[in-house]
Amino acid sequence: MAPDALTPVGGYPGDDEKGGQLFSQLDATKRTEDLMAAVPYVKSRPDCDGKVGAVGFCYGGGIVNQMAVRFPDLAAAVPFYGAQPSAADAAKIKAPLLIHYAALDERIDAGWPAYEAALKANGVKYQMYMYPGTNHGFHNDTTPRYDEAAAKLAWSRTLAFFKEHLKS
């Protein structure tokens with residue numbers, strides 16, 4: 001399932017600038033709750049074996065971190081350069097994490113030391129990869145920040161992680 005936070009305003013318009021304008025018009029709490037609803041929805045489907053994993057990029061990476069906080073039964077979480085939860089919230093995480101960061105992403109990377117300390121302090125199973133020479137959004141092939149080698153490596157790691165944690 002790939003929830004679109006812009007569904008309430010007609011969905012992604014195909015243009016990042018317009019999409020950003022629409023995104024800022026949404027109620028932040030409702031937007032987050034709409035995205036969180038994906039986890040119980042997927043879990044309730046008859047074709048779900050009970051294991052749910054989540055992957056997200058940029059804002060979606062932060063949402064995946066929040067899903068890991070909110071859903072202790074989440075089987076796997078893969079945030080790509082997502083905002084980290086607080087130390088108090090990180091203590092609630094039970095899902096194994098595969099974390100991808102861009103080495104040149106100063107804003108997001110600044111939160112990593114505190115997040116890592118909280119994960120370690122609470123015994124959360126995680127792997128973090130920092131991709132040298134990459135910028136925030138390195139996995140997005142529609143921008144000049146795209147780094148094909150890093151994106152392919154990160155995606156192969158993601159698929160292997162999901163296979164390990166989600167395969168019945």
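**Close-up 1. Ala54 and Ala77 meet where two strands pair.** In this predicted model, Ala54 has Ala77 in strand 2 as its bridge partner. That pair sits in a stretch where 5 bridges join strand 1 to strand 2 (residues 76-80), and the two strands run parallel.

Close-up 2. Follow the strands across and you get the order 1-2-3-4, with parallel pairing. Strand 1 (53-57) and strand 4 (126-131) are the edges, so to speak: each of them pairs on one side only. From one strand to the next, the twist averages 10°.

Close-up 3. Helix 4 (residues 59-70) touches strand 1, strand 2 and strand 3 (97-102), and its direction makes about 150° with that of strand 1. Helix 8 (residues 148-166) touches strand 1, strand 2, strand 3 and strand 4; here the angle, taken with strand 2, is about 165°.

**Close-up 4. A look along helix 4.**

**Close-up 5. Inside the largest nonpolar core.** This core has 28 residues, and among those with the most contacts inside it are Met67, Leu74, Ile99 and Tyr115. Helix 2 (28-36), helix 3 (38-44), helix 4, strand 3 and helix 7 (112-121) each supply at least two of its residues. Which of them gives the most? That's helix 4, with 5 residues. Zoom in on Leu74 and, leaving out residues up to four places away in sequence, you'll find it touching Val39, Val52, Gly53, Met67, Ala68 and Ala95. There is also a second, separate core of 12 residues, which includes Ala76, Val78, Phe138 and Ala150.

**Close-up 6. Thr134, tucked into a loop.** Thr134 is found in the loop between strand 4 and helix 8. Is Thr134 buried or exposed? With a relative accessible area of 1%, Thr134 falls under the 20% cut-off, so it counts as buried. Its side chain reaches the backbone nitrogen of Ala103 at 3.4 Å. Setting aside neighbours within four places in sequence, Thr134 is in contact with Tyr101, Ala102, Ala103, Leu104, Asp105, Asp147 and Ala150.

Terms used: Residues numbered from 1 in each chain as written. Predicted model: local features only at pLDDT ≥ 70, side-chain atom pairs only at ≥ 80, totals over all residues. Heavy atoms only, no water. Pairing = 2+ DSSP bridges. Helix = DSSP H or I, 4+ residues; strand = E, 2+ residues; numbered from the N terminus. Axes fitted to C-alpha atoms, helices over the stretch in contact; angles between N-to-C directions. Contact = heavy atoms within 4.5 Å. Buried < 20%, exposed > 50% of the residue type's maximum accessible area, 1.4 Å probe, protein only. Polar contact = N/O pair within 3.5 Å; in protein donor to acceptor, adjacent residues only side chain to side chain. Core = buried A, V, L, I, M, F, W, Y, C linked by side-chain atoms within 4.5 Å.
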